[in-house]
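Q: I am new to this structure. Please take a close look at one part of it and walk me through what is there.

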Amino acid sequence: MVYQGTIQNGVVVFSDPVPLPDGTTVKVVSAVSDDATTLPDLADDPLYNIGELAVDMGSSDLATNIDHYLYGHPKVNDGQ
C-alpha cells in the first residue's frame, strides 16, 4: 500500500489517516530524487515481467475448468 504525506520537523505526516498501528515498520521513499538508483529497479522483480514467463498450456478452457485441471473436478461447459 502506498500512503502519501510530507515531512514536518523530521516526522512523516500523512495526507490522510492511515490504518497502521503504532510500531509498524515502514519504508519511506522520497518522491523527489535526483538519483534514480534510490528507487527499486522493477526489471529485477520476476513479477514485473510475469507475462514473459507464461507458457501455452494447450488448453483453451483453462479459465473455465481450472478446478478440473487443478483438483480433478468434473469439467464444466463454458456456454459454447
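Q: Where does Asp61 lie, and which residue forms a salt bridge with Asp61?

A: A word of caution comes first. This is a predicted model.

The protein has 2 helices and 2 strands. From the N terminus on, the order is β-β-α-α. Of its 80 residues, 2% are buried. The accessible surface is about 7,600 Å². Carbon and sulfur atoms hold 56% of that surface. Now look at contacts with a separation of 6 or more. Residues 24 or more positions apart account for 0% of them.

Now to Asp61. Asp61 sits in the loop between α1 and α2. In numbers, α1 covers residues 50–53 and α2 covers 66–71. Is Asp61 buried or exposed? Asp61 is buried, because its relative accessible area is 17% and buried means under 20%.

Next, the partners. Leave aside residues up to four places away in sequence, and Asp61 touches Tyr69 and Lys75. The pair with Lys75 is a salt bridge. Its closest N and O atoms are 3.8 Å apart. That falls inside the cut-off, because a salt bridge needs a side-chain nitrogen of Lys or Arg within 4 Å of a carboxyl oxygen of Asp or Glu. Side chains of opposite charge can pair when their charged atoms come close. The count for the protein is 1 salt bridge.

Asp61 has another link. A polar contact joins its side chain to the side chain of Asn65. The distance there is 2.7 Å.

Stay in the loop for a moment. Thr64 is also found between α1 and α2. Its relative accessibility is 35%, so Thr64 counts as partly exposed. Thr64 and Val76 are 12 residues apart in sequence. In space, their C-alpha atoms are 7.1 Å apart.

For context, turn to the strands. Strand β1 spans residues 5–8, and β2 spans residues 11–14. The two run antiparallel, joined by 4 bridges. They form a hairpin with 2 residues between them. Asn9 is in the loop between β1 and β2. Its phi is near 55°, a positive value in a residue other than glycine. Asn9 is exposed, because its relative accessible area is 82% and exposed means over 50%.

Phe14 is in β2, and its bridge partner is Gly5. Phe14 is partly exposed, with a relative accessible area of 32%. Phe14 also belongs to a nonpolar patch on the surface. The patch includes Met1, Tyr3, Ile7 and Val12. Leu20, Val26 and Val28 are members too. Together these residues have about 780 Å² of accessible area.

Back to the opening question. Asp61 lies in the loop between α1 and α2, and Lys75 is its salt-bridge partner.

Note on methods: Residues are numbered from 1 along each chain as its sequence is written. This is a predicted model: local features need pLDDT of at least 70, side-chain atom pairs count only at pLDDT 80 or more; totals for chains, interfaces and linings use all residues. Side-chain values use heavy atoms; hydrogens and water are left out. Patches are made of residues with over 30% relative accessible area and no salt bridge: like charges are joined within 9 Å, nonpolar side chains (Val, Leu, Ile, Met, Phe, Trp, Tyr) within 5 Å. Accessible areas come from the Shrake-Rupley method with a 1.4 Å probe; for residues, only the protein chains shown count as cover. Buried means under 20% relative accessible area, exposed over 50%, partly exposed in between (1.4 Å probe, protein chains only). A polar contact is a pair of N or O atoms within 3.5 Å; within protein, one must be able to donate a hydrogen and the other to accept it, and residues adjacent in sequence count only if both atoms are side-chain atoms. Contact means heavy atoms within 4.5 Å. Two strands pair if DSSP finds at least two bridges between them.
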